[in-house]
Structure formats: C-alpha cells, structure tokens
Amino acid sequence: MIQKIPLIGVVYVLGIALANCALCEEPKAEMRLSGIAGGMSYSTAMGDNYQAYTQPRGAVAEAWIAEPHLLGPVFDLHATVNYLPYQVRGLTDSTLNQWSFLLGIETGRGANANWVKPFVSLDIGGVYSKLSIPAAVTSPTQNSSFLFAGQVRGGVDIPIWGKLSVQFASPLKVVFSAKKFVTLNGDVSLRWAL
Amino acid sequence: MNSKLTFAFTILLAVTVFAGCGEGKDPYEILGNSQAIPTIALPMDVSNVGGAAISAAKDRLDITVAGTTATVPLVSPVNGIVTAIDGVGPYTLTVFHNSRFSIQIGNLGTLPGVRVGDAVVEGQILAAVYTISPLIYFSVFQNGAAVCPLVALNATARDRIRAFTPVPCP
C-alpha cells in the first residue's frame, strides 16, 4: 500500500488538474449521457491460457457520455462493465469469475444515425477476479484479486430502428497480473442512443 | 461539469487504490502454470522410501515409508492449487498443476496442513506421514486419466522406485 501512495497522488493531482482545466473556458455544451447498451459477451483466453480456460459467455453493459467541450464532437467517454465466468479446464466445478470495470475514450460514432458506424475505443480500469473451487469442502480458502486492466476495442454499430442499433465489437483485453491474462472477446449488444 | 469530471477521476482514483487488493493468492498466478506436463520428484525425499509397489492396473504407486519411529514430511512435487481433500482419515489430497496434469496423494493418516484452495509450491510440506502407518498412495493424472506415475518421475525418483519393483510401466 505504501508503495502505491506516489501513484495515487499522481492520479489524484492529474485528475483534479484536468477537472479544473475544464473550467478554464466557458463550456459550450454540457456533458450528457449519449447512449446505453447491453448484450452478451463471448471470450477466448489467448496464449498459454487458451488451454487453461474454457470460452465462456457472459454479459456486458455499456454507457457513453458526450462531452463536446473537452472531447469534441467525435469522441465520447465510454464506460463498460463486463462479467465473464471462465471454467478451468480439468478442474471440475471450478470457475474463475471476472468482473471488469473500464473507462475510456471512443471515437468514430459521427452524427448521422442512419449510417453503419465503425468505432474504436481505448479503455482502462480494473478487473476483479475470484477463483471458485469445488464446493464440497467445509472451509475453502478464497483467492481473489483486483488488478489493473486495459482494452482496445473495435467494432461496428448498425442502425436498426430509430435510436436503436446493434453493435458488434471485439475487445482485446489485458489484465495486468504477474502472469498477464490476455483475452479476445466478441460482444453483441443492443445500443440505445439518447 | 467540474463535479462530473471530478467524479470520473474519483473512479479512476478508486481503481488505483483498490488495485492489488484481494484475498489469498492472485488467481491468474495460481492457474498460470505452463501447460506442459512436468517431470516431478516423489512427494518425499527418496531416502525415506522404504518400499514401493505398482498397482495391478499400473495407475498408482504404493510407497512404504522407511523407518519405524520418525515422522516424514510429505511435500508437493509440483506448483499448483489444492483442489480436493477427501475422506475422514485416511485423507486423500489432490493438487492441480495445470489443465493436463494433477497429482493425488492418498492414505494420509493425519489431516493435511493445507486447505482446499491453497496455492502450493514445489517442495512445500503438505502433511506428515507417521511411520507407524507408513503406506501412502501416489497417483498421477494426465488429461484427466490416471497414468503410471513412473512416466512423470525424474530419473532419481524412478531409479529409487525401480529398486523395489521391477514391474514394467509404460
């Protein structure tokens, strides 16, 4: 914890500085929620971990925040919460539950709601992971961690009707564990533009 | 806007504060062993092996502990995670190394000093074997099936077992 204090200080100072900088000029437009989405996620662990984990299906929820003053008309803030229950191959009834909380910047949406829109986002945040072991024991130990993570996510958004669209995305996510955990996901979700 | 942006960076600050928190060991580290099938030692020092026999199905090694009065430390031959402790004396303990390789040590008269879910490292003491009840069962599982333990043992361990049992083992 003591080793993290300088890092915490840097993040806090940068955050407050940026927040204050936003007041340097009179804002032209307000920050507003510009979209929400929910759907399912399919994940594959890459590298050596491919043999260690199954390919789980999970859930994903997303939100977009437009901030024209700071980010301009093209970029949006992008927040995502993702749940994936990985099974451990060869370890019956064991699951590695993974919750991701990421925040980043997305580009490429544009303004025309009638077009198919490709997009790219870069998100960072944290991942909480918990290893569940077979339940037929009286006092199992728990192994869990909360680690830094980041993802690069590309995809397309296809309008369906009005403000409703379907989006296909493929996030490449890295959990910064001592043994890096890299996954390639496939997300399908319905997005409602606000 | 200032308050919203401050809120966003408070979230980032929270991630920074909580990063590294957790209980027990990092799950990714526990399950991060190479997927290769390892070459292992016996779960005890070879000098403590007083006899050995291979089961009729050639899927288990029965090791008799040498001596009559001492206790012999039983160690994990691999890095892994304890995934099962079965029985109510004698106990059977299973260590998961990777998705292709697990080991099992059975007929333990004393409760192991580790719990299910514990991460163990190669050489870590798991239990003590009292030589008044000196027989332990040692099994090796590859791709979910019990195989002849000799195929996974290193040369030192294999030679020691061969001194007691000439039964061919693939």
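Select B:Arg60 to begin: this residue is partly exposed, because its relative accessible area is 28% and the class covers values between buried (under 20% relative accessible area) and exposed (over 50%), taken with a 1.4 Å probe on protein chains only. The side chains of B:Asp62 and B:Arg60 meet in a salt bridge of 2.8 Å, N to O. A salt bridge here is a side-chain nitrogen of Lys or Arg within 4 Å of a carboxyl oxygen of Asp or Glu. In general, side chains of opposite charge can pair when their charged atoms come close.

A note on what is on screen: this is a predicted model, in which local features need pLDDT of at least 70 and side-chain atom pairs count only at pLDDT 80 or more, while totals for chains, interfaces and linings use all residues. Residues are numbered from 1 along each chain as its sequence is written, chains are lettered from A and ligands numbered from 1 in the order in which they are written, and side-chain values use heavy atoms, with hydrogens and water left out.

**Chain B: strand 9 and its partners**

Now select strand 9 of chain B, residues 135–142. Strands (E, at least two residues) and helices (H or I, at least four) are DSSP runs, numbered from the N terminus. Two strands pair if DSSP finds at least two bridges between them. Which strands pair with strand 9 of chain B? Strand 2 (residues 61–65) of chain B is joined to strand 9 by 4 bridges, and the two run antiparallel. To see a position in this pairing, pick B:Thr64, which stands opposite B:Leu135. Strand 6 (residues 101–108) of chain B is also antiparallel to strand 9, with 6 bridges between them. There, B:Ser102 has B:Phe141 as its bridge partner.

Strand 10 (residues 145–147) of chain B pairs with strand 9 over 3 bridges, again in the antiparallel sense. B:Gln142 stands opposite B:Ala145 of strand 10. Strands 9 and 10 of chain B form a hairpin with 2 residues between them. Select B:Asn143 in the turn, where phi is positive at about 50°.

The mean for chain B is 84, and 92% of its residues reach 70 or more. Where in chain B is confidence lowest, and where highest? Helix 1 (residues 2–18) has the lowest mean, 69, and strand 9 the highest, 92. Where pLDDT is low, the predicted coordinates should not be read in detail. The model scores ipTM 0.70 and pTM 0.75.

**Chain A: the barrel**

Move to chain A and show the cartoon. It has 2 helices and 8 strands, in the sequence order α-β-β-α-β-β-β-β-β-β. The strands make a closed barrel of 8, running 1-2-3-4-5-6-7-8 with antiparallel pairing. Neighbouring strands of this sheet are turned by 25° against each other on average, direction ignored; the angles use axes that are lines fitted to C-alpha atoms, for helices over the stretch in contact, and run from 0 to 180 degrees between N-to-C directions.

Select strand 5 (residues 117–132) of chain A, which 13 bridges join to strand 4 in an antiparallel pairing. In strand 5, A:Ser129 stands opposite A:Gln98, and A:Leu131 opposite A:Leu96. Strand 5 of chain A also pairs with strand 6 in the antiparallel sense, over 15 bridges. For that pairing, pick A:Val127, whose bridge partner in strand 6 is A:Leu147.

Last, show the side chains of A:Glu62, A:Glu106 and A:Arg153, which are linked in a network of salt bridges. A:Glu62 and A:Arg153 meet at 2.5 Å, N to O. This pair links strand 2 (residues 57–66) to strand 6 (residues 143–161) of chain A, 91 residues apart. A:Arg153 also meets A:Glu106, at 2.9 Å, N to O. Here the link is from strand 6 to strand 4 (residues 95–107) of chain A, 47 residues apart. Are these residues buried or exposed? Both A:Glu62 and A:Arg153 are buried, and A:Glu106 is buried with a relative accessible area of 1%.

Technical notes: pLDDT is the predictor's confidence in each residue, from 0 to 100.
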